[in-house]
Amino acid sequence: MSEETQLTDTEDLQERLAEVQTLLARHKLVEELVHRQEGPRHDLVEDMVHKQHLNELQARLEPMHPADIAYILEALPLDERLIAWDLVKAEREGEILLEVSDAVRETLIDSMERTELVAAAETLDADELADLAPDLPQGVIDDVFRGLSVEEREQLRAAMSYPEDSVGSIMDFDMVTVREDISLEVVLRYLRRFDELPDHTDQLFVVDRNERLKGVLPLNILLVNEVDVEVGILMQTDFVELEPDDLADEAAKAFERYDLVSAPVVDPEGRLVGRVTVNAVVDFIREEAESEQLAQAGLREEEDIFASVWDSVKNRWSWLAINLVTAFVASRVIGAFEDSIEKLVALAALMPIVAGIGGNSGNQTITMIVRAIAMGQVQPDAMRRLLRKELGVATINGLIWGGLLGLAAWWLYGSFKLGIVMTSAMTLNLLLAASAGVGIPLLRQKFGADPAIGGSVMITALTDSGGFFIFLGLATLFLM
């Protein structure tokens, strides 16, 4: 899809959101006006106005894709969100619940009756139900489970048994299999029995009578060859296959490297158990990227922007508490040099520059390292080599930019020594930032923690306290 098309789609979605918000606002306004009036037919008028606006709103929502409705629900305050949600047809609720964020999904599920939740869940395939199951009450899961066929129950059990970051958690069971000893004509007749092929079907999976995967038959090969040729002659035996316990992150890299649309998933005995498609991989990558962004900012989980004050406080308090401690440490560092600051007021004006540049540089370094770790390009034993490289970058940047700031300080305050102190402090703080930017994520990775969590918070704390200490310490030694 071209950039121009994407922009058009985004603008169209924004227009739809604006239409829904306008209708909701009009509905509220008219409802309030009618409610204030009194008369013998007040209730009838109020009911007619109520239905008129809700019918118009429902007509706007009905043709939309579930992902677009999910986007609109996420952009609405809780009261308006629930009004719009009540207008969604029951058979579409399951798909929309899969599309919305975890935080918004929680508010929608809380508003639904048990029978509604069961009906919504029953519209989903086993792999989709496994994604939704952790957010559903256990009673709902039990009711849905009883309504599944034996095969679907086994698929649901399998899908729910895999960790969230595994291939098994993103695979689906909707696929087409054929035998190698049949002709392409038989395959084509078989495919015509389907109302439609499963989404993202670019190849058929060739299995034996024990469901062991023998090869794959791409659709383009199927369509351009003579119909009397056997599948076994044309099938490809050199293909990418995954196992349920493989990391989903590794599968995503394979899809990117080999431009895959789908890939088979086999158990240790080689039996075909499912497939992974590119749409599931894209969703996984997007969720991982969003999680990493939140983690870098010190947020524990995705947050509904219209969540209650208390819910938002609970999500944000932990790293803010750490920030408070680090800010207090930085203030005590400044306090230790009060006498120096009183004697040379210029120090108070210049020291935030040293700390700020150091924090920015450190965040650049840690972002590069975390990204490289996520892509599998960095192992823990690479710390020494990466540290040498980043220290070299920091030294050059420190001498160049620190030198410029030193000249500016000399020109502004007429002190050559102050300019030297400024250059030295800037260089040393950039070296500290580089060391922390490499060390923090790699050490967290070494000890089994998420390298991205709280990285920017820790970098800022180190460069603030370290920058103040280095700058004020050098100033005390050479200027006092």
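Trainee: What makes Gln58, Leu61, Glu62, Ile69, Leu87, Val88, Lys89 and Arg92 the lining of the largest cavity?

Mentor: A cavity is a set of points, on a 1 Å grid over the protein atoms alone, where a 1.4 Å probe fits but cannot get out, and lining residues have an atom within 4 Å of a point; Gln58, Leu61, Glu62, Ile69, Leu87, Val88, Lys89 and Arg92 are therefore the lining of the largest cavity. This is a predicted model, in which local features need pLDDT of at least 70 and side-chain atom pairs count only at pLDDT 80 or more, while totals for chains, interfaces and linings use all residues. Residues are numbered from 1 along each chain as its sequence is written, and side-chain values use heavy atoms, with hydrogens and water left out.

Trainee: How do you know what volume the largest cavity has?

Mentor: A volume is the space filled by probe spheres set on the points, which are joined across faces, edges and corners, and for the largest cavity the volume is about 50 Å³. The count of cavities of 30 Å³ or more comes to 1.

Trainee: Why is strand 3 called largely enclosed by the rest of the structure?

Mentor: Buried means under 20% relative accessible area (1.4 Å probe, protein chains only), and 5 of the 6 residues of strand 3 (residues 213-218) are buried, so strand 3 is largely enclosed. A strand here is a DSSP run of E with at least two residues, numbered from the N terminus.

Trainee: What makes strand 2 and strand 3 a pair?

Mentor: Two strands pair if DSSP finds at least two bridges between them, and strand 2 (residues 203-207) and strand 3 have 5 bridges in the antiparallel sense; Gln203 has Pro218 of strand 3 as its bridge partner.

Methods
On a 1 Å grid over the protein atoms alone, a cavity is a set of points where a 1.4 Å probe fits but cannot get out, and a pocket is an open set with protein on both sides within 12 Å along at least five of seven lines; lining residues have an atom within 4 Å of a point. Buried means under 20% relative accessible area, exposed over 50%, partly exposed in between (1.4 Å probe, protein chains only). Helices (H or I, at least four residues) and strands (E, at least two) are DSSP runs, numbered from the N terminus.
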